[in-house]
Amino acid sequence: MSKITRTIFQIIVSLSLACTSEKRYYCDDLSISFLSSGLEMESKFFLLETGDIIFSANPSNSFSFFQYDGISVGTFDTLSNQHSPFLYNKKIVGLQDYNGNEKWKSTSTELNRYFEEWDYIQSIFSFIQGKLLVVKLKNKGEIYLIDTNTKTKKVLFNNTYALHHVEYSEEHRFIIINFDDKLFRVDLETDSIDLKITTSGSQKLNPYIWKDSVYFSSNHDSEYFRIYAIDAMKTTFSPKLVYYSENDVRLPKILEDDLFFIEVKNGEYLLKKKNLKTSKIQNITNKGVVYNYTLHKDQYIYYIYSDFNTPKSLYVYDTKHRTTNNITGKSVIADLSYQYINGDAAKSSAYEYFPDSKKDIKGVILHFRPGLHSDFSPRWDPVLNNLVNNGYVVISPNYPMSSGFGKTYYNASFKDAVDDMERWVNDLKNRFKNMPFYCLSSSSGNILMEQVLSKVEEKVDAAVSMFGIPAFDNPSPMVPTLYILGENDPIIEFVETSKKLNSASNNNVRLVSYKNEGHWFRNQNNIENSVTEIIKHFCRFGDI
């Protein structure tokens with residue numbers, strides 16, 4: 001957005017706010033509209049040797065598998081609640097759970113026999129047409145190697161926390177494993193294991209094998225991420241710096257002389273390519289978020305992408321013709337606008353969302369995004385977009401502890417985040433005078449929101465916590481707060497949490513729960529219902 005466009009945009013918004021500041025709304029006469037999210041897919045997909053792509057998507061209320069054959073998208077099978085496609089003995093299988101509880105089991109009965117009945121899968125990677133699998137269970141610290149040819153299962157590592165990624169070299173018969181903050185090479189011929197690199201901070205190093213080298217990203221010795229290469233055939237660790245950026249870089253992949261990677265700038269995840277001979281850098285995407293990508297036939301790049309107007313969708317980029325095609329999704333038509341506000345010494349940066357200037361502004365929402373060590377990007381979020389579409393201004397800051405802004409920012413304290421969001425409350429109350437003011441949090445963002453509310457309660461009309469992790473053992477908010485919970489949430493124990501909320505010492509707590517949800521929404525009907533409940537809650541307590 002240019003400076004002139006931004007200035008005009010801000011003038012329009014200011015005029016709209018000025019014209020509507022005296023408008024009165026009545027909860028009994030609410031008219032709530034909903035945006036259609038279309039076919040929204042998961043970030044993980046599987047590329048077959050034929051070139052077909054299998055992916056999981058949610059057209060309405062349940063995820064299932066779809067197939068793209070290079071021409072069109074069709075249903076792969078009708079099994080519901082399927083996620084994360086992978087190969088097992090040359091067959092596509094997936095992971096299933098029950099109503100969002102994340103107790104993942106394979107859809108293959110044969111594969112499940114390798115584990116106990118109470119074992120649940122945390123991560124799984126398959127190779128050689130699904131004849132070799134690396135598995136980390138949710139309730140155990142071991143990382144297992146399963147060989148279906150010999151029908152054996154053995155432990156590779158003990159006392160691990162999270163398995164992030166595995167790469168396999170068919171030529172040399174070794175695997176590269178990234179778990180916790182370590183990178184190992186496992187020789188499948190000799191059963192030898194070599195430590196290639198260890199860092200601090202539980203990094204996802206994103207290893208990628210190209211010929212005899214392993215490429216990975218790391219920030220263990222720099223303020224920002226760097227991309228390194230190591231010789232996978234040597235036991236000594238001698239990294240070579242391949243790329244350095246002043247922004248975080250992730251998911252490096254290489255093809256001949258081209259290095260591909262994702263660069264995080266202003267909360268947007270941009271897919272880029274650097275020619276290692278000429279050092280020329282090309283942007284494949286210029287906005288939004290690229291979650292995952294793969295290279296195919298030396299010409300095509302398939303990637304998962306979303307932005308403010310696009311649900312998470314499968315794209316294909318033709319490197320020879322430099323053309324881009326959205327295979328699965330379509331842009332959402334909505335009268336919405338957003339802009340990125342740079343941070344300064346006083347406050348963090350933020351994304352600000354505005355409804356169409358012709359609409360009556362119903363209030364201002366300060367959003368406490370989820371993931372204390374995450375960030376907020378202009379990715380599709382059906383709850384936020386529906387609130388904006390119904391007349392609310394939404395501001396979502398990248399408060400201290402956010403990723404993508406350097407180590408100093410990432411390593412800031414929780415107190416820094418509380419102070420920052422308190423300053424945002426004061427700033428927005430000053431900017432949007434006479435407008436109802438609300439707070440909205442998701443997941444761990446609720447810990448931060450409840451701490452901030454305890455300091456600025458008199459300035460906030462109402463608050464909403466979606467799947468919020470409690471900040472206090474016995475919540476008793478002074479601000480009227482609506483709690484939205486999933487009854488199968490694997491992170492928040494629903495029965496105990498609901499008892500505490502229902503026994504709060506004041507009447508400022510209301511609880512809405514969904515029997516078929518876990519730690520976020522999978523069901524489109526529940527999204528619409530929650531948006532309705534949020535707007536009714538805001539309307540009831542907003543001073544308008």
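A salt bridge is a side-chain nitrogen of Lys or Arg within 4 Å of a carboxyl oxygen of Asp or Glu. The model is predicted: local features need pLDDT of at least 70, side-chain atom pairs count only at pLDDT 80 or more, and totals for chains, interfaces and linings use all residues. Residues are numbered from 1 along each chain as its sequence is written, and side-chain values use heavy atoms, with hydrogens and water left out.

**Exercise 1. State how many salt bridges the rule gives, and examine the one between D97 and R522.**

Solution. The rule gives a count of 19 salt bridges. In the one examined here, the side chains of D97 and R522 meet at 2.8 Å, N to O. D97 belongs to the loop between β6 (91–96) and β7 (105–106), and R522 to the loop between β35 (509–514) and α8, so the pair ties together parts that are 425 residues apart in sequence. Helices (H or I, at least four residues) and strands (E, at least two) are DSSP runs, numbered from the N terminus.

**Exercise 2. Determine the strand order of the open sheet of four strands, and which strands stand at its edges.**

Solution. Two strands pair if DSSP finds at least two bridges between them. The order is β1-β2-β3-β4, with antiparallel pairing. β1 (40–47) and β4 (73–75) stand at the edges with a single partner strand each, so one side of each has no neighbour in the sheet. From one strand to the next, the twist averages 30°. Within the sheet, β2 (residues 53–58) and β3 (residues 64–68) pair in the antiparallel sense over five bridges. A57 stands opposite S64 in β3.

**Exercise 3. Classify the packing of α3 (residues 382–389) against α8 (residues 524–541).**

Solution. Axes are lines fitted to C-alpha atoms, for helices over the stretch in contact, and angles run from 0 to 180 degrees between N-to-C directions. The axes of α3 and α8 are 10 Å apart, at an angle of about 50°. Angles under 35 degrees count as roughly parallel, over 145 as roughly antiparallel, 65 to 115 as roughly perpendicular and the rest as oblique; α3 and α8 are therefore oblique to each other. Next come the contacts (heavy atoms within 4.5 Å). P382, V383, N386 and L387 in α3 meet I527, V531, I534 and I535 in α8. These residues comprise seven nonpolar, one polar and no charged, where Ala, Val, Leu, Ile, Met, Phe, Trp, Tyr, Cys and Pro count as nonpolar, Asp, Glu, Lys and Arg as charged, and the others, Gly among them, as polar.
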